[in-house]
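Trainee: I would like to learn how to read a structure, one feature at a time. Could we take a single residue as the starting point?

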Amino acid sequence: MSITSYATERGTQSLISIAGEQAPKEYRFSLDLPEGFSTKPSADGSISITTSTGETLGNVEKPWAYDATGAAVPTKFSIEGSTLVQTVEHTSSTVYPVVADPSIQWVPWPVLVSGIEIKMFSSIAVAIGAGGAWAGCMFSKVSGVAAKIVNQICTVVGVGGVAGVVNYVSNTYANSSVQPLGCYGVYITNPGWGLRSMPARDCGF
């Protein structure tokens, strides 16, 4: 049995490879949810990730599992505390190996590189405070990597919301202790929820 995890455009995906009948039927994954977040099973077998107000922040897509012939193997999700459990009902009649997949999607968590981009919010805030003209989502006094960050924020919250997000992240995280090569996301429609650790691959590491 092996588990391989990798980043997707908006989350993570793990591939479970089950080699034989003696392999476990249950596989556990910590969701590491921010405080106040919860999970809610859906009728189709997927899991919704929601805030205390009921807003959906992401989901764990409906599980699947297939044996070596391409035949579907019964599988389902359950939640135990903050742990996602995928049960794969392989049996002696299953043709191994079996591949199964829990896929977690977060929307929208823009990716930031700690120590570089997160710390950069201080200078972005200063540039925005200095004034300048907007052309769509491009700010005249912000360039380079900083401009890409601002553009990413702007496409989600609009021109009017950019300064608020930038100032919040700057004030909260400019002097925070973050890993130099850590990869983090911030939920920009409500930055008060804080940073979330993201797979290093999301940041190009």
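Trainee: How exposed is Arg28?

Mentor: Begin with the cut-offs: buried means under 20% relative accessible area, exposed means over 50%, and partly exposed lies in between (1.4 Å probe, protein chains only). Arg28 counts as partly exposed because its relative accessibility is 46%. Keep in mind that this is a predicted model, in which local features need pLDDT of at least 70 and side-chain atom pairs count only at pLDDT 80 or more, while totals for chains, interfaces and linings use all residues. Residues are numbered from 1 along each chain as its sequence is written, and side-chain values use heavy atoms, with hydrogens and water left out.

Trainee: Which side chain meets Glu80 in a salt bridge?

Mentor: A salt bridge here is a side-chain nitrogen of Lys or Arg within 4 Å of a carboxyl oxygen of Asp or Glu. Glu80 meets the side chain of Arg28, at 2.6 Å from N to O. This pair links distant parts of the chain, since Glu80 is in strand S8 (residues 75-80) and Arg28 is in strand S3, 52 residues apart. Helices (H or I, at least four residues) and strands (E, at least two) are DSSP runs, numbered from the N terminus. Glu80 has a relative accessible area of 40%, so Glu80 is partly exposed.

Trainee: Which residues are linked in a network of salt bridges?

Mentor: The network links Glu26, Arg28 and Glu80. Its other pair is Glu26 with Arg28, at 3.2 Å from N to O. Glu26 counts as partly exposed because its relative accessibility is 41%.

Trainee: In what sense do S8 and S9 pair?

Mentor: Two strands pair if DSSP finds at least two bridges between them. S8 and S9 pair in the antiparallel sense, over six bridges. Phe77 stands opposite Gln86 in S9. The hairpin has two residues between the strands, and Gly81 takes a positive phi near 65°.

Trainee: Where else is there a hairpin, and what is the phi of the glycine in its turn?

Mentor: Look at S5 and S6, which have five residues between them; Gly54 in the turn has a positive phi of about 90°. Strand S5 (residues 47-50) and strand S6 (residues 56-60) are antiparallel and share four bridges. Ser48 has Asn59 in S6 as its bridge partner.

Trainee: Which residues touch the most other members of the largest nonpolar core?

Mentor: A nonpolar core is a set of buried Ala, Val, Leu, Ile, Met, Phe, Trp, Tyr and Cys residues joined through side-chain atoms within 4.5 Å. The largest has 26 residues, and Ile124, Val142, Ile153 and Val166 touch the most other members. Two or more residues each come from helix H1 (117-129), helix H2 (144-157), helix H3 (159-173) and strand S15 (183-186). H1 gives the largest share, seven residues. A second, separate core has 21 residues, among them Phe37, Ala65, Leu84 and Tyr187.

Trainee: Is Glu117 buried or exposed?

Mentor: Glu117 is buried, because its relative accessible area is 16%. Glu117 lies in helix H1.

Trainee: How many of the residues of the protein count as buried?

Mentor: The figure is 43% of 205 residues. The secondary structure comes to three helices and 16 strands.
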